[in-house]
Amino acid sequence: MHARILSWILALLAAGAAAAAGDAVALRDGHPERYVVRRGDTLWDIASRFLRDPWRWPDIWHINPQIANPHLIYPGDEILLSFDAEGRPQLTVRRGRPTVKLSPRVRATPLREAIPPIPFEAVRQFLDESRVVLSREELERAPYIVESLDGHLVNGSGNRIYVRSIPPTDRLRYGVYRPGRTFTDPDTGEILGHEALFVGTAALQRVGDPATLVLTHTVREALIGDRLLPVGEERSADTFYPHAPPRGTRGRIIAVVDGVSQIGQYQVVVLDLGRTDGIEAGHVLAVHRAGGTVRDVVSPEPRETVRLPDERSGLVMVFRPFERVSYALVMEAERPIHVLDPVTAP
């Protein structure tokens, strides 16, 4: 998490200048002039107090060169709203507690106390290798468990397994995955990817066909047919800051983690948009409730119908894109969100 915060800081600094030339940032009605940061806040929470669109906080964050680590925010710090020479809003931080220098040592606030951009606890399990989405080709090429020593039907830590299709390699550690849900295009039925759930890790002991591995850690039983991926091959992005996707971006929510019917804030959803669509970590999309078709009972035409417009129902932020789909976190839910609701550039 510490590395993610640091990486996010660098991305934020780089993004601020690029966003300066964009559309004006609108302030929220009744916004405060200052806010004291509390433990448990996120940058999104804080920005929502000042901005109509809180995902645009990188656009107006002002770095104060007189403050040590001005890009880090801690509980007790004060966030101040001011305006530059052109009347554009900017947010700055005033330290709630000074850094005390005790030469030759410096007492500094630990990085782990810094306020994160979003609630990492909601997405932590998706940022490591516990869930991946593979294309059909990747799934078919992946090595698989064909048998285990002594013919166990289920296997756990310490059991020896035999795996086919491991190529000659110097990789010694593998993740074991079980094919899960298949994500499909809601209109065409085309397969967009296969979710693979983490089973455990295994260490290569002997190459060959089949190769011999030992399960070193498991979170569920390993079964014949489970697939293996080299550890570290599939990694999530360590940096993300909120920004808009390309204009014209349009997709749908095609699944929700835990399978609930109504989706709320801080739940993880799957979008039918991925890297091939230009999607990257940090992209913010508006969720809409699709407008229905109703009969116009006033019209003299007895069979005339009217298509109602879509209504915005929330915001999601992509935190882990794959080739054809992405995991996104619901940051705002103004009304219930459902699978198949459309998403667009905000």
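A: Start with contacts, meaning heavy atoms within 4.5 Å. Leaving aside neighbours within four places in sequence, Val-133 is in contact with Glu-138, Phe-183, Gly-193, His-194, Glu-195, Phe-322, Val-325 and Tyr-327. This is a predicted model, where local features need pLDDT of at least 70, side-chain atom pairs count only at pLDDT 80 or more, and totals for chains, interfaces and linings use all residues. Residues are numbered from 1 along each chain as its sequence is written, and side-chain values use heavy atoms, with hydrogens and water left out.

Q: Where is Val-133 found, and why does Val-133 count as buried?

A: Strands (E, at least two residues) and helices (H or I, at least four) are DSSP runs, numbered from the N terminus. Val-133 is found in strand E6, residues 131-134. Val-133 counts as buried because its relative accessibility is 7%.

Q: How far apart are Val-133 and Glu-323, in sequence and in space?

A: Compare the two separations. In sequence, Val-133 and Glu-323 are 190 residues apart; in space, 8.4 Å, C-alpha to C-alpha. Glu-323 is found in the loop between strand E20 (311-321) and strand E21 (326-333). With 39% relative accessibility, Glu-323 counts as partly exposed.

Q: Which residues gather with Glu-323 in a patch of negative charge?

A: Patches are made of residues with over 30% relative accessible area and no salt bridge; like charges are joined within 9 Å, nonpolar side chains (Val, Leu, Ile, Met, Phe, Trp, Tyr) within 5 Å. Asp and Glu count as negative, Lys and Arg as positive; His and the chain ends are not counted. Here Glu-323 gathers on the surface with Glu-137, Glu-138 and Glu-140.

Q: Which residues make the nonpolar surface patch?

A: Val-294, Val-306 and Leu-308 make a patch of about 200 Å². Take Val-306, which is found in strand E19, residues 305-307. Val-306 is partly exposed, at 35% relative accessible area.

Q: How many salt bridges does the structure hold?

A: A salt bridge is a side-chain nitrogen of Lys or Arg within 4 Å of a carboxyl oxygen of Asp or Glu. The structure holds 15. One pairs Asp-59 with Arg-56, with the closest N and O atoms 2.9 Å apart. Asp-59 is partly exposed at 22%, and Arg-56 counts as buried at 11%.

Q: Which residue forms a salt bridge with Glu-190, and which parts does the pair tie together?

A: Glu-190 forms a salt bridge with Arg-324; the closest N and O atoms are 3.3 Å apart. Glu-190 lies in the loop between strand E10 (173-184) and strand E11 (191-206), and Arg-324 in the loop between E20 and E21, so the pair ties together parts 134 residues apart in sequence. Glu-190 counts as partly exposed at 39%. Arg-324 is partly exposed at 25%.

Q: What does Arg-312 meet in a salt bridge?

A: The side chain of Arg-312 meets that of Glu-334, at 3.6 Å, N to O. This pair links distant parts of the chain, 22 residues apart: Arg-312 is in strand E20, and Glu-334 is in the loop between E21 and strand E22 (342-344).

Q: Which residues are linked in a network of salt bridges?

A: Arg-34, Glu-78 and Arg-94 are linked in such a network.

Conventions
Accessible areas come from the Shrake-Rupley method with a 1.4 Å probe; for residues, only the protein chains shown count as cover. The place of a charge is taken as NZ of Lys, CZ of Arg, CG of Asp or CD of Glu. Buried means under 20% relative accessible area, exposed over 50%, partly exposed in between (1.4 Å probe, protein chains only).
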